[in-house]
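Opening the notebook on a new model today. I'll jot down what I looked up as I go.

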Amino acid sequence: MSEVIAIANQKGGVGKTTTAVNLAAALASNGKKVLVIDADPQTNATTSLGFNRNDYEYNIYHVLIGIKKMSEVILKSKFKNLDIVPANIGLVGVEKEFYDPSKKNRELLLKKAIKPINKNYDYIIIDSPPALGPITINSLGAADSVIIPIQCEYFALEGLAQLLNTINLLKKSINPKLEIKGFLPTMYSVQNNLSKQVLEDLAHHFKDNLFLDKKKEFIIVPRNIKVAESPSYGKPVTEYAHKSKGAIAYNNLAKCILKGR
């Protein structure tokens, strides 16, 4: 059975999709069979792996409304061991389906859809939208654990309490096994005192939930031009510039995950 990891933060622009795509690619490069589920209507994970809207007819929206099975919308990427369930802007329309009171277990639609293909992958990475709406709830409801990217900038921790509260509520209701796998500091700048302060705050409050590399140092994703460039080439940074600092950070994160963190 695969390990299902949701990448979640209700704040936008924190490196959520970047983390989903590059963690998945790094795990795949280590010989693991990986599926990315793009559950964000912005479809950035889909385009980051080289697909555009003309490359597919059906997507995660059709799975969630029951028209298609998950296995019927999976696309094989050009990267070995890495598949994706694409998204489409039409996914924004799925929320009205969740608010239909006649639908039972609406928070577990994604979990139910994943179950038939669960055994086909070592890891399933879910890129959730930047909001605590029904799609993110479904993502967390389907996951074994969640990775929370934290941007190393002002207001970084704003709203984090709400996300943690949501996770605790879900553990008490629809997904008792959901765990926080860890917090991942992103967009870190060594020249920026604010970045250092945010990292200090994270270490103070969540030291046990930060990822460590083999040197026992915190895994931090730096501000890196190669990370920013790679989506425009339809490649993860681990493929686009595998020696860059961003690629090294995500490879270290993958190694940490592979060790059972």
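Which residues have the most contacts inside the largest nonpolar core? I found Ile-37, Ile-60, Met-70, Ile-114, Ile-124, Ile-126 and Ile-148, in a core of 46 residues. Helix α7 gives the most to this core, with five residues. A second, separate core has 36 residues, including Ala-20, Val-21, Val-36 and Ala-247.

Ground rules, for my own use. This is a predicted model, so I note that local features need pLDDT of at least 70 and side-chain atom pairs pLDDT 80 or more, while totals for chains, interfaces and linings use all residues. Residues are numbered from 1 along each chain as its sequence is written, and side-chain values use heavy atoms, with hydrogens and water left out.

Terms. A nonpolar core is a set of buried Ala, Val, Leu, Ile, Met, Phe, Trp, Tyr and Cys residues joined through side-chain atoms within 4.5 Å. Buried is under 20% relative accessible area, exposed over 50%, partly exposed in between (1.4 Å probe, protein chains only). Helices (H or I, at least four residues) and strands (E, at least two) are DSSP runs, numbered from the N terminus.

Entry: Ile-114. I skipped neighbours within four places in sequence and listed its contacts (heavy atoms within 4.5 Å): Val-4, Ile-37, Met-70, Ile-124, Ile-126 and Ala-142.

Entry: Val-36. I located Val-36 in strand β2. Its relative accessible area is 0%, so it counts as buried. Leaving out neighbours within four places, Val-36 touches Ala-20, Ala-24, Ala-45, Leu-82, Asp-83, Ile-84, Val-85 and Ile-125. Its C-alpha is 8.5 Å from that of Tyr-123, 87 residues apart along the chain.

Entry: helix α11. After α11 comes Gly-260, with a positive phi near 105 degrees.

Entry: Most residues other than glycine have a negative phi. Thr-43 goes positive, near 60 degrees; Thr-43 sits in the loop between β2 (34-38) and α2 (44-48), and at 15% relative accessibility it counts as buried. Met-187 is also positive, at about 55 degrees, in the loop between β7 (179-186) and α8 (193-206).
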